[in-house]
Amino acid sequence: MSVYGSKFENLAQYNNQIQQTHGSAINAQSNSTDGLMIINTTFNNCKTDRGNGGAVYVILNSTGRGQINNAIFNNCQATKGGGLYVEVSGGGRIEINNHTKFDQCKCNNNDNNSEGSGLYAEISGQSSNISISGFAEFINCSGAERGGGIYILYSASGYNQSGTILLDQVSLSQCTAKNGSGIYSLLKDQGKLTIRNSNFSQCSTTTQHGGGLFIDASGNGTEISLTNSVLFDNCKSEEDGGAIYMRLYNYGNTDLWGVNFKGCQSVNGNGGGICAYIQSSGKLHLHNLVNFTGCVCDNKNRGGIYAEVSGNASISTRSSLELSNQVYFDNCRSSKNNGGGIYA
C-alpha cells in the first residue's frame with residue numbers, strides 16, 4: 001500500500017464490547033518488502049474509542065517493510081498509539097523520518113492500559129528494526145498511563161535473536177503521562193535501543209516516574225545507549241527520576257555519554273536528574289561529558305543522581321554504577337541537603 005500527498009480528517013471508530021477495531025484511517029498488515037509507504041500525508045482528528053492506532057495501525061511480519069515520511073498526526077486518539085500503532089516481528093522493518101510530526105495526540109485516559117499517546121512501537125524477533133529519525137517531533141502528546149510521546153516494547157521470540165530501535169534527531173516537548181512522559185521503554189532478552197542527537201524538553205509526569213524517559217531493561221544482551229548530544233531540558237517527575245527513571249536487572253545494561261541534564265526536577269521522589277535501581281548484574285555507566293546542571297529534588301534527597309545498587313557480589317557479574325571521564329555536577333541540590341550531586 002502506498003499513500004502520497006493525502007489528507008485524512010475527522011474520522012472516528014466506535015467499538016462494541018465484543019470486537020475492537022484499529023486504525024480509523026489506515027489498517028495495514030504486510031509481509032512484503034513493498035508493504036507500506038505513507039508520504040507527505042496528514043491525519044487530523046482521527047480516533048478510535050477503544051482500539052489501537054488512532055489514525056494508522058500497522059503490522060509488519062517477516063520481510064515486511066514500512067516507511068512513513070513527512071507525515072503529520074494531529075489530535076489523533078486511541079488506547080495504544082494515539083497517532084500510530086506499529087508491530088514489527090520476524091525481520092520486519094519500519095522507518096519514520098523526514099520531519100514526521102505527532103502533535104497533541106492522546107490516549108484514551110479512562111483506560112489503565114493506555115500506552116504511547118503519539119506512537120506505540122512493539123518489536124520482536126531477529127533483525128527486526130524500528131528507526132525514528134530526521135527531525136521527527138512529538139509535541140504536547142498526553143493522556144497515557146505509559147509513554148506520553150512514545151511507548152517501546154521489545155521482547156525476543158527465541159534464543160539469540162536481537163532487534164533494534166533507533167531514535168536519531170528526535171524532539172519530544174511538553175509531553176505528559178503517568179510514567180515516562182517522553183518515552184517509556186520496556187526491553188528484555190537482547191533488545192537494543194539507541195537514542196542520539198535528540199531532545200526531551202519540558203516533559204513531565206502527572207503522578208509517577210520518569211519525567212523524560214522511563215527505562216525497564218532486563219536480560220543478557222539487552223542494551224540501551226544514550227549518546228552524542230542528548231539533552232533533557234527542564235523535565236519533571238512527580239515521583240522518582242526528574243529526567244530518567246530506570247530499572248536495570250538480570251544483566252540489563254545502560255550506557256550514557258555526551259548527555260546533558262538541565263534544570264530537571266523530582267517533586268516528591270528521588271533523583272532530580274536520574275533515579276536508578278540496579279540489581280542482579282545490571283549495569284549503568286556514565287562517561288565522556290555527561291553534565292548535570294541545576295537538577296533538584298524538592299522533598300527528598302539526591303539532586304543529580306540517586307542509585308540503589310544490589311545483587312551478586314562476584315566481581316565479574318555484580319551490579320554496578322560507574323562514572324568516568326568528565327561527568328560534571330553544577331548547582332544540583334536536594335531539599336534535605338543530602339546527596340546534592342550523587343546519592344548511592
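The following conversation goes through a predicted model of a protein chain.

Me: How is the protein chain divided into domains?

Reply: In this predicted model, the chain falls into two parts: domain 1 covers 1-7 + 25-177, and domain 2 covers 191-343.

Me: What distance separates the centres of domain 1 and domain 2?

Reply: Taken over C-alpha atoms, the centres of domain 1 and domain 2 are 26 Å apart.

Me: And how many residues are in contact across the two?

Reply: On the side of domain 1 there are 18 residues in contact, and they meet 16 residues of domain 2.

Me: Which strands supply the side of domain 1 that touches domain 2?

Reply: At least two residues each come from β17 (150-155), β18 (164-173) and β19 (176-179). The largest share is that of β18, which gives ten residues. Sorted by class, this side of domain 1 has nine nonpolar, eight polar and one charged residues.

Me: How many salt bridges cross the interface, and which side chains meet?

Reply: The rule finds one salt bridge across the interface of domain 1 and domain 2. A salt bridge joins the side chains of Arg196 and Asp168, with 3.2 Å from N to O.

Me: How many salt bridges are found in the whole structure?

Reply: The search of the whole structure gives six salt bridges. Among them is the pair Glu115 and Lys80, whose closest N and O atoms are 3.5 Å apart.

Me: What does the pair of Glu115 and Lys80 tie together?

Reply: Glu115 sits in the loop between β13 (106-107) and β14, while Lys80 sits in the loop between β9 and β10 (84-89), so the pair ties together parts that are 35 residues apart in sequence.

Me: Changing topic to the sheets. What is the order of strands in the open sheet of eleven?

Reply: The order is β3-β6-β10-β14-β17-β20-β24-β27-β30-β34-β38, and the pairing is parallel. At the edges are β3 (26-30) and β38 (342-343), each of which pairs on one side only.

Me: What holds paired strands together in general?

Reply: Strands of a sheet pair through backbone hydrogen bonds, in either a parallel or an antiparallel sense. Within this sheet, β14 (residues 119-124) pairs with β17 over five bridges in the parallel sense, and Ile123 stands opposite Tyr154 in β17.

Me: Which strands pair with β31?

Reply: Strand β28 (residues 253-262) pairs in the parallel sense with β31 (residues 283-287) over five bridges. Five bridges also join β31 to β35 (residues 320-324), again running parallel. Asp255 stands opposite His285 in β31, and His287 stands opposite Ser324 in β35.

Notes
Residues are numbered from 1 along each chain as its sequence is written. This is a predicted model: local features need pLDDT of at least 70, side-chain atom pairs count only at pLDDT 80 or more; totals for chains, interfaces and linings use all residues. Side-chain values use heavy atoms; hydrogens and water are left out. Domain bounds come from an automatic or database domain assignment. Contact means heavy atoms within 4.5 Å. A salt bridge is a side-chain nitrogen of Lys or Arg within 4 Å of a carboxyl oxygen of Asp or Glu. Helices (H or I, at least four residues) and strands (E, at least two) are DSSP runs, numbered from the N terminus. Ala, Val, Leu, Ile, Met, Phe, Trp, Tyr, Cys and Pro count as nonpolar, Asp, Glu, Lys and Arg as charged, and the others, Gly among them, as polar. Two strands pair if DSSP finds at least two bridges between them.
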